[in-house]
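Please work through the following exercises with the sequence and the model in view. Each task is followed by a worked solution.

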Amino acid sequence: VGWEGDGTMGWLLCLVAMQLYFRASGWNSFTGLSQLYTYQELYTDAQYGPDFGYYSTGRILHVDGPADNGESSQGASQEWFNSYTTLPMSLSPYFAHALCDRLFSMWEAMEKPSPFVLAEFGGGTGMLARDILRHARDAHADFYAALACYVIGERSIALRSAQSRTAAEFVSAGKLATISADGRRASELRPALEEAVGARGNGAPVTGFVLSNELLDEFDPVRLRLVWHRGQPPSAKRCAECQAYQEAYVLHSVDTPVLTTLLAKDEGDAAVEAEEVAWEGHNALCGLLRAPAARFAMQAVAEGLTEDERNLCAPALVCCFPFVLAVDQVLQYHYEGIARKEFMAPDGLNGIKDLVRQYRHHVQLTNGTVPLTKARYRELRHLAAARGPETEKALLTGGGAPGRVAASTDAASPAASTLPGRIWSHEVFLALAPSRCRELEGWLHRNANRLAVAAALREATADIYGGKLDPPQTQVHLKLVARPGEAAFVEQAAKLIDEGFMVTMDYGADADAL
């Protein structure tokens, strides 16, 4: 405005501003972001959610062999994990004996405080606690006598019940208690520990141990992608900046016949409610496209579509769900794939064609499906679970006959377990929300140097692992996992006891497994 001349400099300033915006804030808006699952939120729901969490519902457990809890009634059985084991279980009782001996020597180094407490987080089935207490009672009588209470902080109600049964002899003796607690808020156990050592209200210090086994890698992970232009690996300073990263989100969609089947009360109501679900999902995804870079890209793509394609999601220029997937795909190999300067360059037509091609592909891929907000995803999980485990399994993994709609809502009916489709999952990487940047600020600064070294190694091996693309790949990224709960656990543990030790154990696993 007010610029004299042919306007060239004005356009250049505009392009620079647009490009800075694109690089600094990512391609997406934060509108609607809260309605979508971050990978971290989905992990938490799947593992610890009160409705269908692996740990919280007890699905992790099975019983096998006689119970060894010191108070077994006839027919009682020992509980084990279904899909894995840990050293306190596979090496029971010897792993716990070795750990107990170490705790005893640390207690001696503290000049044998009495009373003291032992707080364990993520206590599994309670076998570690039981075996530690047995060995303390049998081999270290003065240590056992000074122990006011062994407290297990456990967020899963199913595991708390299992822990109480496994170590029943010590529960009845008043030596062990299980309390609902999350390691990221460990200090909430402080009143219980003060009560155990008689320090409640008198300001006396709480002395003891904070113990965990295979807990740290169970804190819900934040999946990140460090992104840079090929040939320009990020410096440590850049690696400390939140804007260098994108965060993994999981978008869910469901086959339309499945949606109407699960919502069915009567045919008319189901159709209307299915429209509402679709409207909510599309709105949440369209909110991501309110950023200037995305809006300009939508306009460019719309011009390359046929009239029928443009009318597919009218009055919107494009269908937001496949467009979000297409942009995410393009940005995996083209660093500035939707920047305005790409489309305005002499060869920018190629960039538009590539985005149009990806858009058409994802329109076909998502045809006949409805995008879901996380609230609607949870609702469908509830509705499927109400029909029985086979229906829930069919919803998540398929297995129903396509086109066949369940004729009965009776969970006992074989037809109730058949669904005409399934739920689908799509991982996309979006700009970090401001709240996430604040949460990860310390982690990024602490690890900036290490991440810069890792990025340099990834840059040097880009051709080996990614191959040579035509046209050449201009984006390189490094995927990584951060667990904010780890730092929170340590900080909270420091508030839980005044004097003592933290003992935490984790054993090796490859990065993909973690």
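**Exercise 1.** Determine which residue of E7 stands opposite Phe121, and how many bridges join E4 to E7.

*Solution.* Step one: Phe121 stands opposite Ser212 in E7. Step two: strand E7 covers residues 207–213, and five bridges join E4 to E7, the two running parallel. Strands are DSSP runs of at least two residues and helices (H or I) of at least four, numbered from the N terminus; two strands pair if DSSP finds at least two bridges between them. Step three: E4 is also joined to strand E5 (residues 147–154), in parallel, by six bridges. There, Leu118 stands opposite Tyr150.

This is a predicted model, in which local features need pLDDT of at least 70 and side-chain atom pairs pLDDT 80 or more, while totals for chains, interfaces and linings use all residues. Residues are numbered from 1 along each chain as its sequence is written, and side-chain values use heavy atoms, without hydrogens and water.

**Exercise 2.** Explain why E4 is described as largely enclosed by the rest of the structure.

*Solution.* Step one: buried means under 20% relative accessible area, exposed over 50%, and partly exposed in between (1.4 Å probe, protein chains only). Step two: Phe116, Leu118 and Glu120 point one way from E4, whereas Val117, Ala119 and Phe121 point the other way, and all are buried. Step three: six of the six residues of E4 (residues 116–121) are buried, so the strand is largely enclosed.

**Exercise 3.** State whether His252 is buried or exposed.

*Solution.* Step one: His252 belongs to strand E9 (residues 245–255). Step two: its relative accessible area is 3%, so His252 is buried.
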